[in-house]
Amino acid sequence: AAISWGGWYFLGEKFTQIGKADSNSIAWVDFSEARVKSELAAGRNVFIDFTADWCITCKFNERTAINTPAVRALLAEKKIVPIKADWTNSNPEITAALKTFGRVGVPLYVISPAADPANPIVLPELLTESILVEALKKLP
């Protein structure tokens, strides 16, 4: 009982807060291939978060590595378009996009530079803020 209570005390509150929006949340754009192509054609870099509500790793990464002050600042400063590919209900367009990266599921994090859209940057599944910040800093 003590172990269960201790686990809930230290971790439970953190996990109940995962996925809850706050006033400092990223203003995500819904995924579509057409939208990605449109943003890139307009000269805007994009960051695509392939995620699902049932994906614990996705929610953990969002809370600890993506929706952070440093990442939000870089997205705004560099005018990077944040696109969320929500695969919660197995969207066929998102499934096809995952396959183009050799993936069969989420999480997947992709940065597509407008200057070189044929060479997207694929980030690791277990994401840290520093990995994401360093990748975003490389964009013009």
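Figure 1. W54 sits in the loop that runs between strand β2 (46-51) and helix α3 (56-66). The model shown in this and the other figures is predicted. With a relative accessible area of 51%, W54 counts as exposed, because the cut-off for that class is over 50%. Apart from neighbours within four places in sequence, the residues in contact with W54 are W87, T88 and V106. The C-alpha atoms of W54 and N89 are 9.8 Å apart, although 35 residues separate W54 from N89 along the chain.

**Figure 2. The disulfide of C55 and C58.** The structure contains one disulfide. C55 and C58 form this bond, and their sulfur atoms are 2.3 Å apart. The torsion about the S-S bond of C55 and C58 is about 80 degrees, and the disulfide is therefore right-handed. Are C55 and C58 buried or exposed? Both cysteines, C55 and C58, are buried.

Figure 3. V106 and P107 are joined by a cis peptide bond, with omega at about 10 degrees. Most peptide bonds are trans. P107 belongs to the loop between helix α5 (92-100) and strand β4 (108-112).

**Figure 4. K79, a residue with positive phi.** Most residues other than glycine have a negative phi. K79 is not a glycine, yet its phi is positive, near 55 degrees. K79 lies in the loop that links helix α4 and strand β3 (81-86). The relative accessibility of K79 is 64%, so K79 counts as exposed.

**Figure 5. S90, with positive phi in another loop.** S90 is found in the loop between β3 and α5. Phi of S90 is positive, at about 55 degrees, and S90 is not a glycine. Is S90 buried, partly exposed or exposed? S90 has a relative accessibility of 44%, so S90 counts as partly exposed. The class applies because 44% falls between the cut-offs of 20% and 50%.

**Figure 6. The contact of helices α4 and α6.** Helix α4 covers residues 69-77 and helix α6 covers residues 129-137. The axes of α4 and α6 come within 10 Å and cross at roughly 15 degrees. Angles under 35 degrees count as roughly parallel, and α4 and α6 are therefore roughly parallel to each other. The crossing of α4 and α6 is left-handed. On the α4 side, the contact is made by A70, V71, L74 and L75. On the α6 side, the contact is made by E129, L132, V133, L136 and K137. Seven residues of this contact between α4 and α6 are nonpolar, two are charged and none is polar.

**Figure 7. The chain as a whole, for orientation.** The secondary structure of the chain consists of six helices and five strands. Along the sequence, these elements follow the pattern α-β-α-β-α-α-β-α-β-β-α. Among contacts in the chain with a separation of 6 or more, 71% are between residues 24 or more positions apart.

Definitions and conventions. Residues numbered from 1 in each chain as written. Predicted model: local features only at pLDDT ≥ 70, side-chain atom pairs only at ≥ 80, totals over all residues. Heavy atoms only, no water. Axes fitted to C-alpha atoms, helices over the stretch in contact; angles between N-to-C directions. Helix = DSSP H or I, 4+ residues; strand = E, 2+ residues; numbered from the N terminus. Parallel < 35°, antiparallel > 145°, perpendicular 65-115°, else oblique. Left-handed = near helix turned anticlockwise from the far one by under 90°. Contact = heavy atoms within 4.5 Å. Nonpolar A, V, L, I, M, F, W, Y, C, P; charged D, E, K, R; others polar. Disulfide = S-S within 2.5 Å. Buried < 20%, exposed > 50% of the residue type's maximum accessible area, 1.4 Å probe, protein only.
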